[in-house]
Amino acid sequence: MSELGLNTISFAGRAASSSQFKTLYAEGMSLVEETAAYLDGNGRAASKVLPRMASVLYAAESMRLTTRLMQMASWLLLQRAVNNGEMSRDQVLTEKNKVRLDGFNVDKTAPGWGDLPESFRDLVERSLRLQNRVALLDREIYRPSEVIVPDNQNSVKAQLSLLQTAFGVN
């Protein structure tokens with residue numbers, strides 16, 4: 001970009017290799033461990049006394065929760081490998097295509113949702129918030145390069161022109 005005279009800063013790129021990423025990484029891995037412990041312990045016991053509809057929903061949601069967390073953990077491990085110089089960006093891009101960071105939403109209006117243990121619903125909520133943060137960081141780091149405004153065009157003037165066109169102002 002410096003060849004074109006543009007000095008842009010990738011905040012997401014810097015965040016991905018900063019203490020913020022380390023915090024996100026630790027939070028993600030901690031949530032994976034906490035969820036595994038819950039599902040093998042208290043969650044297993046709680047699921048045995050659920051009403052039929054909630055029991056089926058618990059089984060389905062626990063699989064989605066586990067899958068969501070494993071996908072996020074994979075992404076976090078890949079990003080950590082880039083940060084530590086263990087993998088190149090191109091290698092990560094190839095591997096990253098196997099990771100899904102969306103499509104694991106939850107229907108809180110589903111029959112039986114309110115009957116699920118509160119601690120389980122809390123894990124689901126926290127995993128969704130973490131998923132959103134990871135997906136946002138992923139989009140910011142790995143999105144395709146944006147269109148670069150040529151040096152000879154004033155970007156503010158171009159935006160004003162677009163606004164004038166949109167609102168019919170001359």
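## Crossing of helices α4 and α6

In this predicted model, helices α4 and α6 cross in a left-handed manner. Helix α4 spans residues 52-83 and helix α6 spans residues 118-142, and where the two pack their axes lie 10 Å apart at an angle of about 35 degrees.

On the α4 side, the residues that meet α6 are Y58, E61, S62, L65, R68, L69, M72, W75, L76, Q79 and V82. Helix α6 contributes F120, L123, V124, S127, L128, L130, Q131, V134, L137, D138, I141 and Y142 to this contact. Sorted by class, the contact between α4 and α6 comprises 16 nonpolar residues, together with four polar and three charged ones.

## E61, a charged residue in α4

E61 belongs to helix α4 and is among the α4 residues that meet α6. Its relative accessibility is 3%, and because buried means under 20%, E61 counts as buried.

Which residues does E61 touch, when those up to four places away in sequence are not counted? They are V106, W113 and F120, and F120 is also listed among the α6 residues in the contact with α4.

## Q131, a polar residue in α6

Q131 has its place in helix α6, where it is one of the residues that meet α4. The relative accessibility of Q131 is 3%, which falls under the 20% cut-off, and Q131 therefore counts as buried.

The side chain of Q131 has a polar atom that lies 2.9 Å from the backbone oxygen of L101. This distance is within the 3.5 Å used for a polar contact between N or O atoms. Q131 can also be placed relative to A73: the two residues are 58 residues apart in sequence, while their C-alpha atoms are 10.0 Å apart in space.

## The chain as a whole

The protein chain that holds this helix pair has seven helices and zero strands, so that its pattern, read along the sequence, is α-α-α-α-α-α-α, with helices numbered from the N terminus. Of its 170 residues, 33% count as buried, and E61 and Q131 both count as buried.

Among contacts in the protein chain with a separation of 6 or more, 80% are accounted for by residues 24 or more positions apart.

Methods. Residues numbered from 1 in each chain as written. Predicted model: local features only at pLDDT ≥ 70, side-chain atom pairs only at ≥ 80, totals over all residues. Heavy atoms only, no water. Axes fitted to C-alpha atoms, helices over the stretch in contact; angles between N-to-C directions. Helix = DSSP H or I, 4+ residues; strand = E, 2+ residues; numbered from the N terminus. Left-handed = near helix turned anticlockwise from the far one by under 90°. Contact = heavy atoms within 4.5 Å. Nonpolar A, V, L, I, M, F, W, Y, C, P; charged D, E, K, R; others polar. Buried < 20%, exposed > 50% of the residue type's maximum accessible area, 1.4 Å probe, protein only. Polar contact = N/O pair within 3.5 Å; in protein donor to acceptor, adjacent residues only side chain to side chain.
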